[in-house]
Amino acid sequence: MRLVIARCSVDYIGRLRAHLPLATRLLMVKADGSVLIHSDGGSYKPLNWMSPPASLHITEPDETDNEAGAVEIWNVQHAKSDDRLVISIHEHIHELSHDLGLDPGLVKDGVEADLQRLLAEQIHTLGDGYTLIRREYMTAIGPVDILARDAAGGTVAVELKRRGDIDGVEQLTRYLELLNRDPLLAPVRGVFAAQQIKPQARVLAADRGIECLTLDYDAMRGVDDVESRLF
């Protein structure tokens, strides 16, 4: 990773043209060949960038650029198109290079697979007397997240989402239609479970006779700190 703070102007040349006037910016050059230009604002989003595969060539400014005050020209050429970045460096302010090594990547916590595992382990979350039949119950149109039996012996199909919307309710509706054709399972009712459920999804679920359940992921994994809550 190479980080350069410099006074520079930037021109993007290719399918479209864009120009950044002279200003102090952060130039980020990554090992994968990408080059990003950041300002001191705008959160994570760069002002302009070149995605990999790309190559960086640094040259001396020509007479015109030299007269304009440039001391160095960066040409960033994309390997698979004619798109390129031309960065005119007018002043180097600071530079740092460091090998970050291999990154293991982002490990997500609280994804649907985690919710499914926890709910299967804590099937009582659905209600007293519930028992698990199985996770990932396969149907002709895909797996139902959880198939369970309630206290009365009825079959319950559970669809899990992190954020529940109308599409999730529609998906569970299709599963229920198919499962209720099986005389060994019918009648099957549905539970739509998520950490957050949109109001439109709740309305549609109620119309379809589907129960909604909001899941507290932190409480399910045993890290809920009751004393730290304001209310």
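## Helix α3

In this predicted model, the buried residues of α3 are Gly168, Val169, Leu172, Tyr175, Leu176 and Leu179. Buried means under 20% relative accessible area, exposed over 50%, and partly exposed in between (1.4 Å probe, protein chains only). Seen down the axis of α3, these buried residues fall within an arc of 120 degrees, so they line one face of the helix. The arc is taken from the directions from the helix axis to the C-beta atoms. Asp167 and Glu177 are exposed, on the face of α3 turned away from its buried side.

The buried residues of α3 pack against β8 (131-139), β9 (142-149), β10 (155-164), β11 (188-197) and α4 (199-207). Contact means heavy atoms within 4.5 Å. Helices (H or I, at least four residues) and strands (E, at least two) are DSSP runs, numbered from the N terminus.

## The open sheet

Seven strands form an open sheet. Their order is β4-β3-β2-β1-β7-β6-β5, with antiparallel pairing. Two strands pair if DSSP finds at least two bridges between them. The edge strands, β4 (48-50) and β5 (54-59), each pair on one side only.

Strand β3 (residues 35-38) runs antiparallel to β4, and three bridges join them. Leu36 has Trp49 in β4 as its bridge partner.

## Basis of the values

Residues are numbered from 1 along each chain as its sequence is written, and side-chain values use heavy atoms, leaving out hydrogens and water. The model is predicted: local features need pLDDT of at least 70, side-chain atom pairs count only at pLDDT 80 or more, and totals for chains, interfaces and linings use all residues.
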